[in-house]
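Have the viewer open and follow along.

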Amino acid sequence: MDYINFNAEGMNGCAEKKNNIFCSTFYPKMTQKEKCSQEKAQDEDDEEYEDEDDEDEDAIQCNAMSREGGGQKAWKFCAVILRALSLVEWVNKRRRIMPFVDALFDALNSVDSATGLEPSVPDGAIVSSQVANAESKKLQFTGDVLEVATQFLVKKYGVGILTDANEVLAELSAPESASFLSQLRTKRQSSSDYSNPPSGQVCQGPPKSCFDPVHDRIRSITGYCNNRDKATQANAVTPIRRLLGTTSYSDSLQAIRNASVTGSPLPSTRLISNKLHDEGSTPNFSPSVNHLHMQIGQFIAHDIIFMPSSVAKDGSNLNCTSCSSPTTVSTNCAPIPAPSDDKYFTPVSKTEARCIRLTRALNGQSGFGVRTQIDQNTHYLDMSVVYGSSDCEAQNVRSFSNGLLKTYTGMGYALPPQTKNDTNCQSKNPYYCFTVGDFRNCLHPGLLPLHTVFIKEHNRLAVKVKSARSSWNDEQIYQFVRSIMVAQWQHIVYNEYLPKLLSDKYLTDFKLKTMKPGSGSFRGYDTGMNAALSGEFAAAAFRFGHSQSRQDFARQDATNKSLGAYDLGYNIFYSDQVYQKSLGGTETMLMGLIKTAAMQVDRYFSFPIRNQLFEIRGQNASGVDLIAVNIMRGRDVGLLPYVKYRDIVGLPKVQNWNDLASTFTAGNIAALKTVYADPADIDLYSGLVMETPISGGQLGPTASWIVAEQFRALKTGDRFYYENQVQNTVGFTQDQIDAIRRVKLAKIFCENTDIITNINVDVFDLNSNQVSCSSIPDIDLKWFL
Ligand code: HEM
Ligand SMILES: [Ca+2]
């Protein structure tokens, strides 16, 4: 292809005299002047990117030469030679990169015009959980341009060009060419509507060497240097992984999969949700798993994954509500059409169909190629949900006194610190939402008892440490307690949460079991293991938890007396429930979670989950269907259809509907046939929640595999995993590991609530024995101090 031969071409004709100054000043009589001037227009653009220091450098070198006796003439001659030599290099380099630079500029113009003015949305008008922070917005800026540039290049030269394009991009991004990208950015900012740069502080501190001794013992807030060979791997604001190393986009690059393998259009994901996922009037409750298992699952999700949504050019939320928003608002809109006979999302008017709003996950691609989604939180299981994933978030939750985290005590009981300027928060003064490590803490009130308990647990340990080590300063206490908190949390997840979710076989095969006290340390740390979240886990498998959520969230007092329940659909992004002092604040909510059943994990979802997410009180259909969103999110991030993942699990290939029979009930196959033209079309999310669960676990074989694979990556890819013994890493001693291995979530609830005196010893088991709090041992800090 012609783009490969630029170097050779660069040695001929006018190419080496391409620069206009060169042609006219130094070779006034040149015969090829015309040819040069033909390229003038191009060159003038290029000049912007030329290193402005070139001439000064020439001058310095030549001044030295002329001082050594050459005089003015020698200086001029010297300057001409140097300039000629550097121009040959310059031309070669520029000709090689021109197609890519062109594509980038075309992309800039196209991104600007395709997205139009992106009508500004008042703060808070579009309620969203997936709000991008400043770092993510910066990535989107480059990602959107690269996406469009990729499309231009592929259209003109074919996909083969992308490898070369990325080599050139690497050259351009090298420190010596860094000015190129910053100029590109400046040009875009001045030529487009980015006149209001995304607001917010950029919070990642300057990189330090991973061999700085601080990285021997302290887990960084951003995940930086956890893997010493790949310092930024699985950090906050870095890409997700792909289980099969590939994506499914209809143009192989970014366009949402929209056609069946039969050629007909894929069904709307709201239609799929209506037909496959409506729980109807007979909710299925789990006989043995309590609602707390759901709530902890969401808390885990908020630790490890936060996939931000795209934003408008001024950094605000996009309004992707109307069905035409992909053309009238932004190409990053992907609204979901509701069927005309939809019972809840009824047509807007006789002439206007209803869509359920959806903004595409923010594109953080950093090279030419496929659209790439990011995780804004640290992928690691490191309590970033409490401590934050950026330096700013971390600072916002600390009191900077005696290692304590901030709390709000205005109610007479502890809550997380309030935030008064959260425009996403629907409940108003005095029912403010909160500032904790994760932005989504007010997504619904059930999260708040957990946020509160873990902040209180941190502070409880900090007080003990201070009294044992009065000379320790705030930072020492904070880091010390944080390391124990993360260890306890990891232990709870692997020792209590996962065994309730996955069957013994998956726990064993993926090395997920914690070891018994006295059995030594875990030797499985693997520097080659990327802890990053897989897209399949984040956008599909681990969203199984939405099936566990009830419509009614119960409150109970210490004597198991019911104090009623609040409705999920009425409380999304409202926090007034946690201020209900007469109903016992967050503690009775916690008791309610422990004492009521979760919903069965199956293909059915409660009414609010399917109809009322982000609904504004009193305004029917102002929210979204979370299940339609989940399925569409899978298409948005390029997940392959369900059947493609069966291979990795070792399930039989699916050629026709009957091949599903060993893993799906006949009823589920029949239901699938009502929406999909072919089994090869089944979206991953629907496929996963419709597989028959494995005995001893709550999930089917493929979902179990994807979840287990992820928790293996989070365990063996985490240098600071609490049971580890890793060279050059100051982990816990044997006694300390054993002390953590005795930790029970039930005890943490006991210690950090006023009302709990008896508790389910098996904290996620609805039918567990009740034991008195005093019979469960507390973590013994004597091993740590
Ligand atoms: C009442 C309970 C819950 C509500 C209201 C809720 C709501 C949401 C919402 C609004 C999203 C964003 C969807 C999107 O834009 O793609 C989401 C994502 C997600 N949810 Fe839930 N959720 C709940 C419980 C759970 C549970 C129990 C789990 C796991 C066991 C879970 C796992 C996830 C995961 C993994 C994501 C993806 C997060 C991301 O990409 O940033 N959720 N949920
Ligand atoms: Ca994390």
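Which residue does the UniProt annotation "binding site" cover? According to the unreviewed UniProt entry, that residue is H546. UniProt positions are given in the numbering used here, feature names are shortened, and annotations may be inferred rather than shown by experiment.

Before going further, some ground rules. This is a predicted model, in which local features need pLDDT of at least 70 and side-chain atom pairs count only at pLDDT 80 or more, while totals for chains, interfaces and linings use all residues. Residues are numbered from 1 along each chain as its sequence is written, chains are lettered from A and ligands numbered from 1 in the order in which they are written, and side-chain values use heavy atoms, with hydrogens and water left out.

pLDDT is the predictor's confidence in each residue, from 0 to 100. The chain averages 86, and 82% of the residues score at least 70. For the complex, the predictor gives an ipTM of 1.00 and a pTM of 0.87. Where pLDDT is low, the predicted coordinates should not be read in detail.

Donors here are N, O and S atoms within 2.8 Å of the metal (3.2 Å for Na, K and Ca); water is not among the atoms, so sites may look incomplete. H546 is partly exposed, with a relative accessible area of 21%; buried means under 20%, exposed over 50%, and partly exposed in between (1.4 Å probe, protein chains only). Leaving aside residues up to four places away in sequence, H546 touches F605, I609, L626, I627, N630 and Y685, where a contact means heavy atoms within 4.5 Å.

**The calcium ion**

Ligand 2 is a calcium ion, and its protein donors are D303 (O), D303 (OD), T378 (O), T378 (OG1), Y380 (O), D382 (OD) and S384 (OG), at 2.3 to 2.5 Å. Along the chain these donors follow the spacing D-x74-T-x1-Y-x1-D-x1-S. D303 belongs to helix α11 (residues 291-304) and T378 to the loop between β5 (374-375) and α13 (384-387), so to speak a link between distant parts of the chain, 75 residues apart. Both D303 and T378 are buried.

**Salt bridges**

The whole structure holds 29 salt bridges, each a side-chain nitrogen of Lys or Arg within 4 Å of a carboxyl oxygen of Asp or Glu. Here are three of them.

| Pair | N to O distance |
|---|---|
| R270 and D342 | 2.6 Å |
| R360 and D636 | 2.8 Å |
| D778 and K464 | 3.4 Å |

R270 lies in helix α10 (residues 269-276) and D342 in the loop between β3 (336-337) and β4 (355-356), so their bridge ties together parts that are 72 residues apart in sequence. R270 and D342 are both buried. R360, in the loop between β4 and β5, pairs with D636 in helix α21 (residues 626-636), 276 residues apart; R360 and D636 are buried too. With D778 in the segment after β12 (770-772) and K464 in helix α15 (residues 447-468), the pair spans 314 residues of sequence. D778 is partly exposed at 26% relative accessible area, and K464 is partly exposed at 36%. Salt bridges that share partners join E457, R460, K464, K747, E751 and D778 into one network.

**The nonpolar core**

A nonpolar core is a set of buried Ala, Val, Leu, Ile, Met, Phe, Trp, Tyr and Cys residues joined through side-chain atoms within 4.5 Å. The largest one has 162 residues, and those with the most contacts inside it include L292, L502 and F711. Helix α16 (residues 474-497) supplies the largest share of this core, 13 residues. Among the residues that L502 touches are L507, G696 and V707. Another core, of 18 residues, lies apart and includes A107, L146, V154 and L253.

Technical notes
Helices (H or I, at least four residues) and strands (E, at least two) are DSSP runs, numbered from the N terminus.
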